[in-house]
Amino acid sequence: MTILVTGGAGFIGGNFVLDWLAQSDEKVINLDKLTYAGNLDSLRSLDGDARHVFVHADIGDREKVEALLAEHQPRAILNFAAESHVDRSIHGPGEFIQTNIVGTFNLLEATRAYWGGLEGEAKAAFRFLHVSTDEVYGSLEPQAPAFTEQHRYEPNSPYSASKAASDHLVRAYHHTYGLPVLTTNCSNNYGPYHFPEKLIPLVIHNALAGKPLPIYGDGQQIRDWLYVKDHCSAIRRVLESGTLGETYNVGGWNEKANLDVVHTLCAILDELQPRSDAQSYKTQITFVKDRPGHDKRYAIDASKLERELGWKPAETFETGIRKTVQWYLANQDWVQNVTSGNYRNWVEKQYA
Ligand code: NAD
Ligand code: TYD
């Protein structure tokens, strides 16, 4: 049996592929465009492993996707591929519309054609799992209850609006064509192989490089952090047992203000890799201009996934963040490779 993963050279997709093949011999076809965020270095441990087939392609290339589906006959497609960084979507929304909306549409069309040609058990067992975000629900007031699956869609950034559009397309393909879909909406992930443009890996990277740790606005915005391996286990659960057409929120029950996250990172780094002048990394914290339209608070209520499918995160924020810092300290060569070239251009543009 075979599954097809899109975006499997990115942060979450890459972790998912590694995690999948650590527990199963089921083959993975990994389709990725290798944008700035795609990095085959993360999958080096699979070199020469016949269970992993990498295909350099765009989810929007319908002919190529159709040919791949015909060749490999996957029993499931898991769609991780996306443009994923809010700040980049503010500088240039075009790619977000192209990949997250038009790309998902083309992928759905290719999937519909393939699934339409399946028969019997293969058709009944087929699944299309779409990986989405809690950002589609918009921003919460400080005392408001966490997002449930019933929360209305109120996306505020070009990124979240493009993901919301993709969720609607996925939903419509189930409702109209009966395509067997599942959607997951998860909170902010963190962990190994996270590209250092996002808060946690950026702060670790800048701290070690002696650079400022940029906090947007007052740093009191709240995110709900999920260790990436817990996200992977949730996706496996939903793929195995989720009800067709349903959406599942995935979160780690870890609401933290950005400034507290950065303080925690500094404290762990002070302990594991103290600065040579014995000062705390906290002295590098710098408050910078706020993000336009910055969402104040995200919080996920993951009780449906817990109640219906028996999933629970294995990590607390305290255990997960320590593992993450340890991983970055032990994998500085990975960081060196991804922060050369275009990464520098982005940092100059964003933090000038
Ligand atoms: P990422 O930016 O690290 O990786 C995205 C991957 O998709 C890259 O490998 C990139 O090369 C690939 N890709 C981009 N456009 C493509 C295209 N047109 N065709 C094929 N491949 C393409 O993103 P991530 O953090 O791993 O996120 C994965 C998914 O999870 C996304 O759909 C994202 O919206 C969602 N998500 C992420 C988070 C988070 O905290 N990172 C939270 C919630 C939801
Ligand atoms: P990010 O990791 O970009 O994820 P998202 O915007 O999808 O939640 O940002 C997490 C939070 O950290 C968000 O509130 C913005 C903030 N942030 C900073 O304060 N400084 C930074 O340099 C970055 C990248 C993010």
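Rings of Phe, Tyr and Trp, the six-membered ring in the case of Trp, are counted as a pair if their centres lie within 6.5 Å. The legends below describe close-up views of a predicted model, in which 18 aromatic pairs are found.

View 1. The ring centres of Phe96 and Tyr159 are 6.4 Å apart and their planes stand at 80°, so the pair is edge-to-face, the class given to planes over 60 degrees apart.

**View 2. Tyr328 and Trp334 form an edge-to-face aromatic pair.** For Tyr328 and Trp334, the distance from centre to centre is 6.4 Å, and the angle between the planes is 75°. Tyr328 has a relative accessible area of 2% and is therefore buried, and Trp334, with a relative accessible area of 7%, is buried as well; the cut-off for this class is under 20%.

**View 3. A cluster of aromatic residues is linked by ring pairs.** The residues that these ring pairs join into a cluster are Tyr190, Trp225, Tyr227 and Phe317.

**View 4. Ligand 1 is surrounded by 28 residues.** A polar side-chain atom of Asp32 is placed 2.6 Å from an oxygen atom of ligand 1, whereas Ile12 uses a polar backbone atom, which is 2.7 Å from an oxygen atom of ligand 1. In the side chain of Ser84, an N or O atom is 2.7 Å from an oxygen atom of ligand 1. Taken alone, ligand 1 exposes 830 Å², of which the protein buries 97%. Two or more residues of the shell come from each of helix H1 (11-23), strand E5 (127-133) and helix H6 (158-177), and the largest share, three residues, is that of E5. Sorted by class, the shell around ligand 1 holds 13 nonpolar, 11 polar and four charged residues.

**View 5. Ligand 2 has 18 residues around it.** Those that come nearest are Glu135, Arg223, Arg291, His294 and Tyr351. A polar side-chain atom of Arg223 lies 2.7 Å from an oxygen atom of ligand 2, and for Asn258 a polar side-chain atom lies 2.9 Å from an oxygen atom of the ligand. Pro214 contributes a backbone N or O atom, which is 2.9 Å from a nitrogen atom of ligand 2. On its own, ligand 2 has 510 Å² of accessible area, and the protein covers 97% of it. Helix H7 (199-208) and strand E8 are the elements that give two or more residues to this shell, with E8 giving the most, three residues. The shell around ligand 2 is made up of eight nonpolar, five polar and five charged residues.

**View 6. Strand E8 runs parallel to strand E13.** Four bridges join E8 to E13, which covers residues 285-288, and one of the residues involved is Tyr216, whose bridge partner in E13 is Val288. Within E8 (residues 213-216), Leu213 and Ile215 point one way and Pro214 and Tyr216 the other way, and all of these residues are buried.

Terms used:
Residues are numbered from 1 along each chain as its sequence is written. Chains are lettered from A and ligands numbered from 1 in the order in which they are written. This is a predicted model: local features need pLDDT of at least 70, side-chain atom pairs count only at pLDDT 80 or more; totals for chains, interfaces and linings use all residues. Side-chain values use heavy atoms; hydrogens and water are left out. A residue is near a molecule or strand if one of its heavy atoms lies within 4 Å of it. A polar contact is a pair of N or O atoms within 3.5 Å; within protein, one must be able to donate a hydrogen and the other to accept it, and residues adjacent in sequence count only if both atoms are side-chain atoms. Accessible areas come from the Shrake-Rupley method with a 1.4 Å probe; for residues, only the protein chains shown count as cover. Ala, Val, Leu, Ile, Met, Phe, Trp, Tyr, Cys and Pro count as nonpolar, Asp, Glu, Lys and Arg as charged, and the others, Gly among them, as polar. Buried means under 20% relative accessible area, exposed over 50%, partly exposed in between (1.4 Å probe, protein chains only). Two strands pair if DSSP finds at least two bridges between them. Rings of Phe, Tyr and Trp (its six-membered ring) pair if their centres lie within 6.5 Å; planes under 30 degrees apart count as stacked, over 60 as edge-to-face and the rest as tilted.
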